[in-house]
Amino acid sequence: MTKKIAYVGNFSFPHGNASGTRVLNNGYLLKELGYDVIFIGLDNTIPQNSNLKDTKSNFDGFTYYNLPYPAGMKGWISYQKRYNEVSSLLNNESLFAVISYGSPSLSLFGRLLQKWCKNHNIFYLSDVVDWMGAGVGSLAYRTIKFLDNDYQKRILNSKSDGVITISSYLSNYYKGKGCKTVIIPPLVNSKRFQDLDFSFNFNDPIKLIYIGRPFLTDGRSIKESAYKDRLDIVIQALYEVKHHNFIFNIYGLTKDEYVSVIGHHSDLLEELQHKIIFHGVIDNHLGIQEIAKADFTVLFRHRTRVTTAGFPTKFSETISCGTPIITTNTSDLATYLETGKNGFFVNINNHKVLLDELNTILSMSKTDILEMKKFCKDSHRFGYTNFKDDMKRFLISL
C-alpha cells in the first residue's frame, strides 16, 4: 500500500496562520504513523503568475508547494486553473489519500479534486475545522460566501471517504450523514515548546495576555455578532476590577485599531494605559514565548454555531506553553479544561457573575498560579502523539 498523503487547501504552511499550524501538526501525526505527507497551500507573497512546481520548499522533513493567495473575487473563482495546477502535480505522486482543508478557491475546486481521486482510486478526505458565516462585505460577496460555504460543508464534505473533524459537533453532524469520522483537536509538536523561557517572578503583577484579531479593522462596518473574540467584554470587565494588581498585554492589533471599532472605550483605555497595553502584530514564535511568560491567557467567545463547531487553537497553544487560560465554555473545551488546574471557565452572559469570577482569579496567590503553570507544562495534553491511536483506527476503517 502506498504510504503518501497530500494535504491541499486554504492554509499558510507551516506557521503562517492557525490553519498552517493545524495541518503541520496533523502532518507530524501522520508521519508518526508511517505516512509521507506533502502540502499544497496558499502564500500571499508569491506572484499571481507563479508556477506551482517552482514553489517547492521543505520544512522539517516535509515537502510543500504554494499557490498564490487569490487576488480579489476573480482569484477566488479561478477554481479550474487552480485544479489543473494541483492535479498536474499530484499526477506524479503515488498517493494513498488526499486531505482537503477548505479550498484554495471556490469549493468547486474540491469537487473536481474529489472526482480526480475517485478516478485514480485514491481516498478523498476532508479536514473540517469550522462552520463559518459571512458577516462582512457586500451583499453579493456575502451571498457567494454563504452559498460556497454551505455547499462545501453540507454536500462536498459529506461525499468524502472520511472526515477529520476538530470538534464533537462536526463529528456528530457528519456521522449523521453516514461518514466515517475522527475528532482531532488542534495539536502541537511538544518539541517546539521545550526551549521557551518559563521564568517566573513572584513579585510581578498578575500577567494576562491575549493574542489575535478579535474583529476586522479595515474600516468596514462590522456587527457585534461578527466579532470572533469578545476582547471588548474582557477590557470592560477588567476596567471594573482595576483595583487588582494586573497587566493585560494585547498582541495582534494596535490601540488605534481597537478604538476604530470600539470607540467608546477610548477614555477607559486612556485611564488604564499602564494596565492594558497594546503591542500590535507579533511573530508566531515570539507570541508563544510571550504566552509562556504570562500567568493567564484570556479568551472570551459567545456560544454560537461557529464557536461550537470550531475549536480555538489559542486554547491548545496556551496550555502547551505552560499557561492556564481564562475562557468561556465553547466547543469541546470542557473535555480538556480542568478548573483550577489548567484554567477557569467564566460566564460572560451575566456581568455580575463575571466580575465575581475575575475578582476571585485576580486574588490568587502567585504560588497557586505557579502550580497551575507547572500542571499545564507537564500535561502535554495536545501533543500529536496522544492521538495516534484515534487517527490509526480512522485510516484503517477507510
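Predicted model: local features only at pLDDT ≥ 70, side-chain atom pairs only at ≥ 80, totals over all residues.

Trainee: At what angle do helix 3 and helix 4 cross?
Mentor: Roughly 30°. Helix 3 covers residues 79-90, helix 4 covers residues 108-119, and their axes come within 9 Å. Axes here are lines fitted to C-alpha atoms, for helices over the stretch in contact, and angles run from 0 to 180 degrees between N-to-C directions. Helices (H or I, at least four residues) and strands (E, at least two) are DSSP runs, numbered from the N terminus.

Trainee: So what do we call that arrangement of helix 3 and helix 4?
Mentor: Roughly parallel. Angles under 35 degrees count as that, over 145 as roughly antiparallel, 65 to 115 as roughly perpendicular and the rest as oblique.

Trainee: Which residues of helix 3 and helix 4 meet?
Mentor: From helix 3, Tyr79, Gln80, Arg82, Tyr83, Val86, Ser87 and Leu90. They meet Leu108, Phe109, Leu112, Leu113 and Trp116 of helix 4. Contact means heavy atoms within 4.5 Å.

Trainee: How do the residues of that contact divide?
Mentor: Nine are nonpolar, two polar and one charged. Ala, Val, Leu, Ile, Met, Phe, Trp, Tyr, Cys and Pro count as nonpolar, Asp, Glu, Lys and Arg as charged, and the others, Gly among them, as polar.

Trainee: New topic. How many salt bridges are there?
Mentor: The count comes to 20. The rule asks for a side-chain nitrogen of Lys or Arg within 4 Å of a carboxyl oxygen of Asp or Glu.

Trainee: Which residue does Lys81 form a salt bridge with?
Mentor: Glu85, with the closest N and O atoms 3.5 Å apart. Both lie in helix 3, four residues apart, about one turn of the helix. Arg82 also forms a salt bridge with Glu85, at 3.0 Å between the closest N and O atoms. Arg82 and Glu85 are three residues apart in helix 3.

Trainee: Is Glu85 buried or exposed?
Mentor: Buried, at 15% relative accessible area. Buried means under 20%, exposed over 50%, partly exposed in between (1.4 Å probe, protein chains only). Arg82 is buried too. Lys81 is partly exposed at 43%.

Trainee: What about Lys366, which side chain does it meet in a salt bridge?
Mentor: Asp295, at 2.7 Å, N to O. That pair links distant parts of the chain, 71 residues apart. Lys366 is in helix 15 (residues 366-379), while Asp295 sits in the loop between helix 10 (284-293) and strand 12 (296-299). Lys366 is buried at 11% relative accessible area, and Asp295 is buried at 0%.

Trainee: Now the loops. Where is Leu272?
Mentor: In the loop between helix 9 (266-271) and strand 11 (276-278). Leu272 is buried, with a relative accessible area of 4%. Leaving aside neighbours within four places in sequence, Leu272 is in contact with Tyr239 and Lys242.

Trainee: And where is Gly340?
Mentor: In the loop between helix 13 (333-336) and strand 14 (343-345). Gly340 is partly exposed, at 35% relative accessibility. Gly340 and Ser266 are 74 residues apart in sequence and 34 Å apart in space, C-alpha to C-alpha.

Terms used: Residues numbered from 1 in each chain as written. Heavy atoms only, no water.
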